[in-house]
Amino acid sequence: MKSNKQRRAEIKAHRLNRALAQAARLRAQDVRPLRADDEYSPGRELADRLVLQLHNNTYGMLPAFYVARPFTCRDCGAEEVWTAKQQKWWYEVVHGAIDSRAVRCLACRRARRQCLRNTGPGANLLREQTDRLRALGATKPNAQAEAEIEAALQSKWWSLRVVAIQTLGRWGGAENLARLHAFMAARPEGGRRYFGWERVAADAARSALMYRERST
Ligand SMILES: [Zn+2]
């Protein structure tokens with residue numbers, strides 16, 4: 001029998017694939033106009049145009065449906081899906097501007113919020129450290145690089161820890177890959193509202209392993 005963890009990982013991978021396929025179809029113009037009476041599709045949410053009109057000055061540009069959008073996190077490069085449900089919430093409940101899009105994963109959004117709250121030299125420093133850690137991923141690991149990654153994994157900034165996890169994935173090797181699998185195995189059970197480092201780490205590790213599969 002499959003564990004909930006495996007099921008969830010499969011669902012997330014399936015969702016990503018479906019969104020990528022959908023995006024490819026949209027790029028290829030191989031899509032008929034969506035109609036409100038279209039049959040139910042699991043990746044799709046009906047838009048409430050009346051609500052949208054109240055909060056947007058755009059006329060004639062409002063969607064009839066939301067469809068899952070794949071995106072690459074601007075900060076850490078993780079492959080993510082902005083689900084139709086999340087879009088409906090963003091546009092109709094929080095009243096996000098209709099032309100706004102998801103650009104960052106959960107961990108990076110959180111890190112950015114922390115960063116913006118403590119403005120000052122810290123914000124740039126974090127960015128520099130992130131770039132530096134990412135650059136390490138493209139080089140062969142040595143003792144100093146490994147020590148930097150270990151330190152980053154203990155950082156108070158989750159985005160640095162996420163990049164450290166990605167770097168372990170780029171480096172590969174039995175030991176590093178075992179660590180990624182350990183992060184994935186430690187993903188806590190809990191509803192979608194639960195948000196903790198273990199969950200972010202598990203998702204980052206899964207993303208790092210998927211990246212390896214694609215690039216080999
Ligand atoms: Zn990210």
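Modeller: Happy to. This is a predicted model, and the structure holds nine salt bridges.

Biologist: What makes Arg104 and Asp75 a salt bridge?

Modeller: Their side chains meet at 2.9 Å, N to O. The cut-off is within 4 Å, so the pair counts as a salt bridge. Arg104 lies in the loop between helix H3 and helix H4, and Asp75 in the loop between strand S3 and strand S4, so the pair ties together parts that are 29 residues apart in sequence. Arg104 and Asp75 are buried.

Biologist: And what lets opposite charges pair at all?

Modeller: Side chains of opposite charge can do so when their charged atoms come close.

Biologist: Why is Arg7 called partly exposed?

Modeller: Its relative accessibility is 41%. Arg7 and Glu10 form a salt bridge at 4.0 Å, N to O. Both residues lie in helix H1, three residues apart, which is about one turn of the helix.

Biologist: Which parts of the chain does the salt bridge between Lys12 and Asp203 link?

Modeller: The closest N and O atoms of Lys12 and Asp203 are 4.0 Å apart. This pair links distant parts of the chain, with Lys12 in helix H1 and Asp203 in helix H9, 191 residues apart. Lys12 and Asp203 also belong to a network of salt bridges with Glu80 and Arg187.

Biologist: How do you know whether Asp203 is buried or exposed?

Modeller: Asp203 has 15% relative accessibility. Buried means under 20%, so Asp203 counts as buried.

Biologist: Let us turn to the rings. How many aromatic pairs are there?

Modeller: The count comes to three aromatic pairs. One of them joins Trp158 and Trp197, 5.8 Å centre to centre with 55° between the planes.

Biologist: Why is that pair of Trp158 and Trp197 called tilted?

Modeller: Stacked needs planes under 30 degrees apart and edge-to-face needs over 60, so 55° leaves the pair as tilted. Trp158 lies in helix H7 and Trp197 in helix H9, so the pair ties together parts that are 39 residues apart in sequence. Both Trp158 and Trp197 are buried.

Biologist: What lies over the face of Trp158?

Modeller: Arg110 does, at 3.8 Å from the ring centre. Elsewhere, the charged end of Arg170 sits over the ring of Tyr211, 3.7 Å from its centre.

Definitions and conventions: Residues are numbered from 1 along each chain as its sequence is written. This is a predicted model: local features need pLDDT of at least 70, side-chain atom pairs count only at pLDDT 80 or more; totals for chains, interfaces and linings use all residues. Side-chain values use heavy atoms; hydrogens and water are left out. Rings of Phe, Tyr and Trp (its six-membered ring) pair if their centres lie within 6.5 Å; planes under 30 degrees apart count as stacked, over 60 as edge-to-face and the rest as tilted. Helices (H or I, at least four residues) and strands (E, at least two) are DSSP runs, numbered from the N terminus. Buried means under 20% relative accessible area, exposed over 50%, partly exposed in between (1.4 Å probe, protein chains only). A charge sits over a ring if NZ of Lys or CZ of Arg is within 6 Å of the ring centre and within 35 degrees of the ring normal.
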